[in-house]
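Me: Hi! Could you walk me through this one? I'd like the overall picture before the details.

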Amino acid sequence: DQDIPRHWTDAEEGLVHDVAERSWAAAAHARTETEIQELNHTLELRVAERTAERDRLWRSAQELIIVVDRKYTFVSVNPASRTMLGYEPDDLMGRTVFGFMHPDDAKLSRKNITTYRPGEIRATEIRYRHADGSFRTIAWNVVFDGDLFYASGRDVTTERETVRALQESEARLQAVFESSYQLKWLLRLDGSVMAVNATAQDAIGPCDTQGQAFWATPWFNATAGMAQQIEAAVLEAQTGQAHQSEVELDLPGGLRCFDLSIRPIPSLDGTTIAIMP
């Protein structure tokens, strides 16, 4: 406020510089504190969001997710236990996994679980007892980390039952095919031989016909004009038409007369997938 120039002493200039430096330092510190607070708030929000996402996934997951300790007791179970096994999560807490396994699977699991290495992911199928007393086959992915086992599993009971039923059905069909007193073959769509039953094999004796064109095999190539007739019948079957005729074949055991039937084998959608003479 002076109306004449002021001569500043070195001490006064030093004071001004010192105050300015302290002011800048205080302002910078305040900005840093504000930034740290904002960063902490942002991190808290992110952690809260991730935790909420994890909890939503945990609650809504269709797969059964469990955490098991070194004593093999449940320490955490997601709500999928209700739909998959009929138990509330709290019904399982503190109980051992072996108490819910099929006895045969529990014996094998007790042995295998001691061989897990940290970070190793294993796939295994184990039958677990449902609350209604039945057993469900669950396909698990298990990882051992620290002192805990983390596992997620899906119910594959229906899939495995379907596979077993198909295998049993195929076994019965194979038994009928092999034991039939009739000559039977199974051909691919191109007419090549895929399977031959024992009766048909006995008619020509020991020889390998796998992969050969059906009409060019020893069942027909010794009979004049028969190869062309059989090829035409196979072509009919390829288009979905069944063929029926009487044939006389010159076989190693002599001339034999047969009722020959060549029919297409359809899939569920009606397309021809194989041919059976």
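Reply: Happy to. Helices (H or I, at least four residues) and strands (E, at least two) are DSSP runs, numbered from the N terminus. By that count the chain has seven helices and ten strands. This is a predicted model, where local features need pLDDT of at least 70, side-chain atom pairs count only at pLDDT 80 or more, and totals for chains, interfaces and linings use all residues. Residues are numbered from 1 along each chain as its sequence is written, and side-chain values use heavy atoms, with hydrogens and water left out.

Me: Thanks. How spread out is the chain?
Reply: The radius of gyration is 39 Å, well over the 19 Å that the globule rule gives for 277 residues, so the chain is more spread out than a compact globule. That radius is taken over C-alpha atoms, and the rule is 2.2 Å times the number of residues to the power 0.38. Along the principal axes, the C-alpha atoms fill a box of roughly 140 × 55 × 30 Å.

Me: And how much of the chain is buried?
Reply: Buried residues make up 30% of the 277. Buried means under 20% relative accessible area, exposed over 50%, and partly exposed in between (1.4 Å probe, protein chains only).

Me: Which residues have the most contacts inside the largest nonpolar core?
Reply: Those are Leu64, Ile66, Phe74, Tyr128 and Trp140, in a core of 24 residues. Strand 1 (64-69), strand 2 (74-77), helix 2 (80-85), helix 4 (103-113), strand 3 (121-129), strand 4 (135-145) and strand 5 (148-155) each supply at least two of its residues. Strand 4 gives the most, with four. A nonpolar core here is a set of buried Ala, Val, Leu, Ile, Met, Phe, Trp, Tyr and Cys residues joined through side-chain atoms within 4.5 Å.

Me: What does Phe74 touch?
Reply: Not counting residues up to four places away in sequence, Phe74 touches Ile66, Val67, Val68, Leu92, Met93, Gly94, Arg95, Thr96, Val97, Phe100 and Tyr128. Contact means heavy atoms within 4.5 Å. Apart from this core lies another, of 23 residues, including Leu183, Val193, Phe220 and Val247.

Me: Good, so where is Leu183?
Reply: Leu183 lies in the loop between helix 5 (157-179) and strand 6 (185-187). Leaving aside neighbours within four places in sequence, Leu183 is in contact with Asn197, Thr199, Ala200, Ala203, Trp219, Phe258 and Pro277. Its C-alpha atom is separated by 59 Å from that of Glu88, 95 residues apart along the chain.

Me: Switching topic: is His243 buried or exposed?
Reply: His243 is buried, with a relative accessible area of 13%. It is found in strand 8 (residues 243-251) and touches Ala233, Glu236, Leu260, Ser261 and Ile262, again not counting residues up to four places away in sequence.

Me: One last thing: what is the phi of Tyr72?
Reply: Tyr72 has a positive phi of about 65°, although it is not a glycine. Most residues other than glycine have a negative phi. You'll find Tyr72 in the loop between strand 1 and strand 2.
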